Amino acid sequence: MVLVELPAMRSEPPVVISATAGTFIKFSLRTRNPDVAKYRSVAANAQVTRHFNAWRGGPSALTHKDLVALSGEVYRLFVDRFEDDPGSPENWAAFKAFNRAAIEGRLLNTPVLNPGEGQSIDDATAVFGSNLTDGVDALPQSGETARALENRFGRLSDWVLQKHGLAIDPETRGRLLLQVGQAAMDAGWALKRNASGDYSPDPRAARFPPVQLSSAVVSLDALFEKWESETKPSASTLTTWRSNMRSLKEHIGKKADDIREINAQDIVAWKDAAIARGLTAKTINDSYLGSAKALLNYAVRNKLLSDNPAENVRVAARSRAGTSMQPYSDEEVLRLLTIATSEANPSRRWLPWLAASSGARIGELVQLWGRRIIERDGHPVMVLAPAEDGGSLKNEGSERIVPLHPALIEAGFLDFVRSRGDGPLFYRRSSGKPTKRHASKGVVNRLGSWIREVGFNDPRKAPNHALRHYFKSAAARAGMSDSMADVIQGHAIRSEAGRYRHFDIPGMAAAIAAVPIPPKVRK
């Protein structure tokens with residue numbers, strides 16, 4: 001039997017369901033909402049994977065402290081679910097009566113206590129009479145306490161074990177059942193007080209240590225799902241990292257079922273295999289190893305690993321002459337802007353001009369909405385931020401306000417903005433779903449392809465990004481300070497002293513206006 005906790009989402013509360021494990025595991029996701037179903041499906045798959053990994057991995061060795069910590073999950077489950085609306089004190093008295101009868105071995109066939117379910121006073125009075133305390137005391141102790149505990153608290157114990165991907169031996173299970181029973185009693189006491197109007201802090205709550213189980217079996221897939229759920233990466237990052245982790249799984253085989261089995265030699269061998277396939281040092285270091293290091297560091301921070309086996313693994317590479325990326329020349333920028341001026345497609349018409357005159361990333365500019373072209377301190381500016389329908393930027397410093405170059409105004413950019421309204425300037429609205437690639441990404445890629453098609457084919461000049469390189473060079477020639485250029489372009493502040501330097505809109509507007517756009521080409 002497998003217990004699966006389907007998480008709450010929107011207005012739908014969490015649900016714990018049971019399913020029989022066989023060749024297939026089938027169960028309802030208990031929702032008609034497709035978004036909730038998708039979210040619960042991911043969570044359920046991760047939980048089922050943990051269950052199977054735990055069974056394959058064999059029993060875990062748990063200390064007394066571990067067992068108390070695990071039982072704290074049961075205490076919090078009931079308190080969190082019922083604290084705001086606990087119902088009647090009598091129902092929690094019934095809850096405690098059945099718990100005590102099981103813990104003391106006085107009643108073998110108590111009602112099974114399911115995760116997050118309460119108890120009715122009618123059930124208790126039918127067994128114990130109107131005075132619950134006397135009724136429990138009147139029952140003789142059977143000497144079969146283990147059987148009584150299993151019947152009453154077995155389902156709860158399964159829930160907490162499967163939540164943490166644990167398998168335990170029979171002796172450890174007996175000790176866990178007792179701790180779970182005592183935690184359920186504590187929860188009953190707390191909720192009975194709440195139902196009576198007493199919400200003072202429960203001193204029993206502090207007795208449970210945090211769950212820190214280095215012995216928990218976690219697969220690479222489960223780790224990835226946990227990381228994804230917590231960090232909510234962009235769709236493009238998700239696609240790339242999934243591909244990288246699929247490559248790692250194929251290389252390490254069975255070790256992917258338990259991340260504790262992955263060692264530094266495995267990571268080095270994976271790196272060497274990528275080199276043998278002809279991948280560049282940059283791709284391996286920045287993408288393959290970068291994603292693996294970040295994911296395994298997440299496991300270390302969450303006490304799932306003691307150390308990161310990918311740490312310090314890197315392709316030994318040196319920069320070679322003739323390989324660094326270069327900016328467009330003045331002549332190339334003039335030619336590109338001239339071509340762009342004759343284009344009817346808005347992204348081809350305006351994005352090269354915006355990039356050349358601000359040094360912003362194309363991915364930032366594509367996400368502009370009409371409502372973010374505004375006037376600030378007497379100057380027209382663009383507010384660079386993640387698109388309102390689910391866009392994302394490279395980092396925190398990417399959000400900024402940048403004055404528009406006078407050449408853009410003269411070319412009619414503000415008229416174009418007014419014609420587009422408050423919404424996206426360069427793409428149709430995106431779905432807004434975090435798992436879907438944002439619509440702006442396609443515009444970025446198509447613009448780069450178009451720039452190549454119209455004759456900008458130097459492999460050392462990235463079709464879009466060479467404009468960003470160009471602005472930095474042109475700004476320096478125009479006398480703009482490096483710190484001013486960094487702020488305008490959203491580059492990281494280079495020193496601690498730089499954090500104390502601030503630039504106002506008029507100052508940035510004057511600095512941008514000094515950069516000749518379109519460039520003046522010397523004959």
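## Burial and surface

Of the 523 residues of the protein, 46% count as buried, meaning under 20% relative accessible area with a 1.4 Å probe and protein chains only. The accessible surface comes to about 26100 Å², of which 50% belongs to carbon and sulfur atoms.

This is a predicted model, in which local features need pLDDT of at least 70. Residues are numbered from 1 along each chain as its sequence is written.

The protein has 20 helices and five strands, taken as DSSP runs (helices H or I, at least four residues; strands E, at least two). Two packed helices are described by the angle and the distance between their axes. For helix 10 (residues 264-276) and helix 11 (residues 281-301), the axes come within 11 Å and cross at roughly 150°. The two helices are therefore roughly antiparallel to each other, a term for angles over 145 degrees on a scale from 0 to 180.

In contact (heavy atoms within 4.5 Å), Ile 267, Trp 270, Lys 271, Ala 274 and Ile 275 of helix 10 meet Ile 284, Tyr 288, Leu 289 and Ala 292 of helix 11. These residues divide into eight nonpolar, no polar and one charged; Lys counts as charged, while Ala, Leu, Ile, Trp and Tyr are among the nonpolar types.

## Backbone details

Asn 312, in the loop between helix 11 and helix 12 (330-341), has a positive phi near 70°. Asn 312 counts as exposed (over 50%), because its relative accessibility is 71%.

A cis peptide bond joins Ile 517 and Pro 518, with omega about -5°. Pro 518 lies in the segment after helix 20 (505-513).

Technical notes:
Predicted model: local features only at pLDDT ≥ 70, side-chain atom pairs only at ≥ 80, totals over all residues. Heavy atoms only, no water. Parallel < 35°, antiparallel > 145°, perpendicular 65-115°, else oblique. Areas by Shrake-Rupley, 256 points an atom, 1.4 Å probe, with all protein chains shown as cover.
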